[in-house]
Amino acid sequence: PHTGRLALYLLGLRATCPKVSPHRSLVTWLKYYLEEDWTGSRRHGHPLTNYYQYGLGVLALCVHHKRVREEVIRRLLTAQHHGRLGHGGNAVDTEAVVALAFTCLERRGLVGTELAAELRAAAHRASRSMAKAQGPDGVIGNIYSTPWALQVFLATGTCQTEPAFGQAMAALLENLEAFGTTATMAQVLPVLHGRSYLDIASMHCQEEPDTLTPLDMEALAEVPGNKTVQLVVECPLPWCYDLKLYDRLVPVPAAASLLDVLQAAAALEPHDFSFHTQDTFQGPFLNEVLGLEARRDKRNYWQLLTAPNISLQMGIADYRPRDEEILILRLSEW
């Protein structure tokens, strides 16, 4: 099911204040996708997509002032209660989207009094959970999860009393260069204006100017020269035959991203290095290196680090390593 993609489209469509209301069939399709998505739980214990996309679907319906069946809402409440919303930055993203959906349903009066109280309590639990997940650098989950957490603080009104809010905002302002794709910009821009996706539901479109005009963007100047990056692949898990599976110097242009480094390594030594990515809303996601696939059912993922042991806060298409930097791809468990 295209739950998340259609949900984001409907959120964006509402935010642009279209002169004609979105066709009713789009909302009907989203409701259909939510039901189709849930059929996966009977076999896998979770939606066919994931709770992030499922939560986005509920949020999009609420923003369009559409009621959602109580059973659909309780699926998310149960998942949050039993800690099924993921790990690391993914957990923050998912819990934030779900909390925003809960807050929207409660604020818009689309549920009964008893359920509204449960949703309010669940949203505040999520807010407290995100505050606890904040690192010493102010980041919550990872840099891309931080805007989602800030949206929850804003939507629930805890931004005035929660110290984590100011620290996370400071971290966000220090790392704005990480938000270079349309999807990540869409997450961070509302926060920079003190807003959340919930504010889309109450926009007065007659007061909105037509800002959807193309801008002449100047191309980024190319950085001259080259650099050499040391690429290391590690697998510390018990079933791997060796800890260090790959260790090579990779020459690339000076402006190359981590993705460019991986592509260059694969081109230089196609028999010794290979990788695969998966397209996501935030850009390409590394899910396989040297034939080793990161799998949800095995609870592992490819962790991106710079030596000696510092996790990267950007995706592979956004991070631009320095000359002589050591980059580590480590298959890790969560």
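The talk below goes from the whole chain to single residues.

Mentor: This is a predicted model, in which local features need pLDDT of at least 70 and side-chain atom pairs count only at pLDDT 80 or more, while totals for chains, interfaces and linings use all residues. Residues are numbered from 1 along each chain as its sequence is written, and side-chain values use heavy atoms, with hydrogens and water left out.

Trainee: How many helices and strands does the chain have?
Mentor: The chain has 11 helices and eight strands. Both are DSSP runs numbered from the N terminus: helices are H or I with at least four residues, strands are E with at least two.

Trainee: What makes the chain as compact as a globular protein of that length?
Mentor: Its radius of gyration is 21 Å, close to the 20 Å that the globule rule gives for 334 residues, so the chain is as compact as a globular protein of that length. The radius is taken over C-alpha atoms, and the rule is 2.2 Å times the number of residues to the power 0.38. The C-alpha atoms fill a box of roughly 60 × 50 × 40 Å along the principal axes.

Trainee: What share of the residues in the chain is buried?
Mentor: Buried residues make up 47% of the 334. The term means under 20% relative accessible area; exposed means over 50%, and partly exposed is in between (1.4 Å probe, protein chains only).

Trainee: Why is helix α8 called mostly covered?
Mentor: Of the 11 residues in α8 (residues 146–156), 11 are buried. Among them are Trp148, Gln151 and Phe153.

Trainee: What follows α8?
Mentor: Gly157 does, with a positive phi near 80°. Gly157 lies in the loop between α8 and α9 (163–174).

Trainee: Why is Gly157 called partly exposed?
Mentor: Its relative accessibility is 44%, so Gly157 counts as partly exposed. That class lies between the 20% and 50% limits.

Trainee: Which residues other than glycine have a positive phi?
Mentor: His65 has a phi of about 60°, and Glu324 has one of about 70°. His65 is in the loop between α4 (51–63) and α5 (70–81), whereas Glu324 is in the loop between β7 and β8.

Trainee: How do you know which class His65 and Glu324 belong to?
Mentor: His65 has 40% relative accessibility and therefore counts as partly exposed. Glu324 has a relative accessible area of 65%, so Glu324 is exposed.

Trainee: Why is Leu312 called buried?
Mentor: Its relative accessible area is 14%, so Leu312 is buried. Leu312 is in the loop between β7 and β8. Not counting residues up to four places away in sequence, Leu312 touches Leu258, Leu304, Leu305, Thr306, Tyr319 and Leu327. Contact means heavy atoms within 4.5 Å. The C-alpha atoms of Leu312 and Leu327, 15 residues apart along the chain, are separated by 9.5 Å.

Trainee: Which class does Gln303 in strand β6 fall into?
Mentor: At 17% relative accessibility, Gln303 counts as buried.

Trainee: What makes the pair of Gln303 and Ser311 a polar contact?
Mentor: The two side chains make that contact at 3.2 Å. A polar contact is a pair of N or O atoms within 3.5 Å; within protein, one must be able to donate a hydrogen and the other to accept it, and residues adjacent in sequence count only if both atoms are side-chain atoms. Leaving aside neighbours within four places in sequence, the residues in contact with Gln303 include Ser311, Ile328 and Arg330.

Trainee: Where does Glu106 lie, and which side chain does it join in a polar contact?
Mentor: Glu106 is in helix α6 (residues 88–107). A polar contact of 3.2 Å joins its side chain to that of Arg120. Beyond neighbours within four places in sequence, Glu106 is also in contact with Val111, Ala116 and Leu119, among others.

Trainee: Which peptide bond is cis?
Mentor: The bond from Ala307 to Pro308 is cis, with omega near 10°. Pro308 lies in the loop between β6 (300–306) and β7.
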